[in-house]
Amino acid sequence: MASPAESLAGNMSLDAFSKATELKSRIKFTVLALIVYRLGTYIPIPGIDPFTLSSLFTQHAGGILGMFDMFSGGALKRMTIFALSVMPYITASIIVQLLSAILPQFEALKKEGEQGRIKLNQYSRYLTVLFAVVQSYALSIGLENMMGGSAVVIAGPFFRISTMATLTGGTIFLMWLGEQITARGIGNGTSLIIYSGIVANLPHAMAQTLELGRTGALSTWFILVIIALIFGVLAVCVFCERAQRRILVQYPKRQVGNRMYGGEASHMPLKINTSGVIPPIFASSLLLFPLTLASFTNVQQKGGVMADIVTMLGHGKPLFMVLYAALIVFFAFFYTAVVFNPVDTADNLKKYGGFVPGIRPGKNTADYFDYVLTRLTVLGAIYLATICLLPEFLMSKGAIPFYLGGTSLLIVVSVTIDTLSRIQSHMIAHQYEGLIKKSRLRGGGT
């Protein structure tokens, strides 16, 4: 049976959307902010040779540079002011989140409510600046050493300082822009920035694949299979990202004066993929970083044991796929344990009088949550590993040029679902406000 909110959402129309002035203003602000971001991905930093950099990134498209370039929407390949994108901010936020589960001081701040959240966000910003400075300096050194220094017009201290200032300033601006989108727009600003960069590159990738089909490099039936596979994987991603286990939570009745309160039942939703896209990102970074260093140091040309290891860790190789799957499973369990604490959840339920029917409050409830979440995480880890290994398997068997990245696909699906649900929430709130106004007018008239 549909809930009242779902029934109300089903009655939405374009007429109702046209009357939701606040929602329209939020969507306009989000679109304008993303346009500003996309324009910034075409403003290059001073003192570089763009043609040399383009050929360099073509050679290392399968390494960690290619992955970071995907997250930056092509800004890293063009070496623009937003080359670092929001990756330093994401890294800092994840580290602060991990510290809040490990260190007692950070855990105490997390439990302080709004003031603690503001303090943790402040620490994330400080770490973002630190990571941006370090990464921009390392990138400036790397640019001077790439391809015999031909990527930089005039190398030296001035180029390093200007690159650090430009890239750090670009990251800080994107961090601020993401926070503005979250507060004044629709959806999570940081996720939407990454999402827009990935989506902006999809038309070029599809056009390149169709061009290979036109020239005969790929057969028509193979392209049709790839397109059908894309839609099939998208359907699986949407289903798994929306799938959840709803645990019934009952609240007892209590009497306050002459009135009875409570007694209602609610549900605690536990998602299959609680960890989101963090496991594929961490796993890809750990595996691709050694490959990128090896490509810069010409290990394969020198030969030896290291060259054999680099070859076995290449895209589509059995060792790479086994390690990739193992790391995804490990980070899925690790990050789920960080973001969801069964003991704290059970204690909060007990504090407010809630309980799971048939389960004693306290430790038994925590054990039940841990049991259910472990089983869900097993399914979520298998789902993540399958989605991320599918393109690797296709590359090893068919050598397809169009790399259907599992990480990028997961980001696109999860951000789209989250944004649409937020739009729906605003529409429901707007319709509720309209119903309340109508009821007040009728009451005033009588």
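User: How are axes and angles defined for helices here?

Analyst: This is a predicted model. For helices, a line is fitted to the C-alpha atoms over the stretch in contact. The angle is taken between N-to-C directions and runs from 0 to 180 degrees. The line fitted in this way is the axis.

User: At roughly what angle do the axes of helix α7 and α16 cross?

Analyst: Helix α7 covers residues 87-102, and α16 covers residues 318-339. Their axes come within 9 Å, with a crossing angle of roughly 65°.

User: Why does α7 count as roughly perpendicular to α16, and what is the handedness of the crossing?

Analyst: Angles of 65 to 115 degrees count as roughly perpendicular. The axes of α7 and α16 cross at roughly 65°, so α7 is roughly perpendicular to α16. The handedness with which α7 passes α16 is left-handed.

User: Which residues meet in the contact of α7 with α16, and how do they divide into nonpolar, polar and charged?

Analyst: On the α7 side are Ile94, Gln97, Leu98 and Ala101, and these meet Phe334, Tyr335, Val338 and Val339 in α16. Sorted by type, the residues of this contact are seven nonpolar, one polar and no charged.

User: How are helix α10 and helix α11 oriented to each other?

Analyst: The axes of helix α10 (residues 157-184) and helix α11 (residues 189-215) come within 7 Å. They cross at roughly 115°. That angle makes the orientation of α10 to α11 roughly perpendicular.

User: Which residues make the contact of α10 with α11, and how many are nonpolar?

Analyst: From α10 come Leu174, Gly178, Ile181 and Thr182. From α11 come Gly189, Thr190, Leu192 and Ile193. The division is no charged, four polar and four nonpolar.

User: How many salt bridges are found in the whole structure, and which residue does Glu179 meet in one?

Analyst: The search of the whole structure gives five salt bridges. In one of them, with an N to O distance of 3.1 Å, the side chain of Glu179 meets that of Arg125.

User: What does the pair of Glu179 and Arg125 tie together, and how accessible are the two residues?

Analyst: Glu179 lies in helix α10 and Arg125 in helix α9 (residues 114-145), so the pair ties together parts 54 residues apart in sequence. Glu179 is partly exposed at 24% relative accessibility. Arg125 is also partly exposed, at 31%.

User: What separates Asp418 and Arg422 in helix α19?

Analyst: Asp418 forms a salt bridge with Arg422, with 3.0 Å between the closest N and O atoms. At relative accessibilities of 28% for Asp418 and 34% for Arg422, each counts as partly exposed. The two are four residues apart in helix α19 (residues 406-445), so their separation is about one helical turn.

User: How far apart in space are Gln250 and Pro357?

Analyst: Gln250 is in strand β1 (residues 244-250) and is partly exposed, with a relative accessible area of 23%. Gln250 and Pro357 are 107 residues apart in sequence. Their C-alpha to C-alpha distance is 6.7 Å.

Methods: Residues are numbered from 1 along each chain as its sequence is written. This is a predicted model: local features need pLDDT of at least 70, side-chain atom pairs count only at pLDDT 80 or more; totals for chains, interfaces and linings use all residues. Side-chain values use heavy atoms; hydrogens and water are left out. Angles under 35 degrees count as roughly parallel, over 145 as roughly antiparallel, 65 to 115 as roughly perpendicular and the rest as oblique. A crossing is left-handed if the near helix is turned anticlockwise from the far one by less than a right angle, and right-handed if clockwise. Contact means heavy atoms within 4.5 Å. Ala, Val, Leu, Ile, Met, Phe, Trp, Tyr, Cys and Pro count as nonpolar, Asp, Glu, Lys and Arg as charged, and the others, Gly among them, as polar. Buried means under 20% relative accessible area, exposed over 50%, partly exposed in between (1.4 Å probe, protein chains only). A salt bridge is a side-chain nitrogen of Lys or Arg within 4 Å of a carboxyl oxygen of Asp or Glu.
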